[in-house]
Amino acid sequence: MHCFAIPAIARPAPAAVPVGTRWSSAALALLLAACVHSPQAAVPPVSSSLPPASHAHAGSGSGCSEMPGGRAALDGVARELQAQGMALEATCPVAAGEWVVRVRVVDGMKASKVVRGPLADGHDVDMGTPAGVRQGGAELAARGFSPDVLHNRQWLRTLMARHEFDNAADAWWRFAQRARVPAPTAETDLAAR
């Protein structure tokens, strides 16, 4: 059996690093590792007034609550959004008579399959302007927004239309329930009989 002598490798002496620097570097490395593992760990939770499904209320005497099936139609929107990682908040100010709608992200990973832009949990889907605030840029024909905002506005219009709501031209966030047309009846003149 042959034995070989392995020469000692000359290593330079370690540089003197202050103790505080070593620990802060280690703490920073652990924090970054946690962020990579779970991106939500780095984002503080945002208190949300929205429940998981929907939060809808109407003012007394408003046109929103007078439409038959309005609440059921909004519940349908809320269920669809919940499956997509979002929540619906719909309010009906007494003076408006139309629903003010906003969509909040609950699960950014699910929401990213249907909407675009920043999707932090607990924040509203980016529509370019805040919901319920009358300001320039809220109208449907507004220009100058990113493709993400334009996509999100079109997506919301399409979603609400599937559930029998029409978008008001002056604000992306205002919706009125379509009037239900009664089933056609045979036009007979009963008095002539």
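In the predicted model, the protein chain has a mean pLDDT of 75, and 56% of its residues reach 70 or more. Confidence falls in two stretches. Over residues 35-55 the pLDDT stays under 50, and the model has 29 contacts beyond four places in sequence for this stretch. Residues 57-62 also have a pLDDT below 50, with 17 contacts in the model beyond near neighbours in sequence. Where pLDDT is low, the predicted coordinates should not be read in detail.

Attention then turns to the charged side chains. Side chains of opposite charge can pair when their charged atoms come close. The structure holds nine salt bridges. One of them joins the side chains of D124 and R102, with an N to O distance of 3.3 Å. This pair links distant parts of the chain, 22 residues apart: R102 belongs to strand β3 (residues 99-105), whereas D124 is placed in the loop between α4 (108-111) and α5 (147-162). D124 has a relative accessibility of 32% and therefore counts as partly exposed. Both D124 and R102 also take part in a network of salt bridges, in which they are linked with E89 and R104.

A further salt bridge is formed by R134 and D170, whose closest N and O atoms are 3.0 Å apart. R134 is found in the loop between α4 and α5, while D170 is found in the loop between β4 (165-167) and β5 (174-177), so the contact ties together parts of the chain that are 36 residues apart in sequence. The two partners fall into separate accessibility classes. R134 is exposed, because its relative accessible area of 58% lies over the 50% cut-off. D170, with a relative accessible area of 35%, is partly exposed.

The pairing of R178 with E164 is likewise a salt bridge, and its closest N and O atoms are 3.3 Å apart. Here too distant parts of the chain are linked: R178 lies in the segment after β5 and E164 in the loop between α5 and β4, a separation of 14 residues. R178 has a relative accessibility of 27% and counts as partly exposed. E164 counts as partly exposed as well, at 30% relative accessibility.

Technical notes:
Residues numbered from 1 in each chain as written. Predicted model: local features only at pLDDT ≥ 70, side-chain atom pairs only at ≥ 80, totals over all residues. Heavy atoms only, no water. Salt bridge = Lys/Arg side-chain N within 4 Å of Asp/Glu carboxyl O. Helix = DSSP H or I, 4+ residues; strand = E, 2+ residues; numbered from the N terminus. Buried < 20%, exposed > 50% of the residue type's maximum accessible area, 1.4 Å probe, protein only. pLDDT = per-residue confidence, 0-100. Contact = heavy atoms within 4.5 Å.
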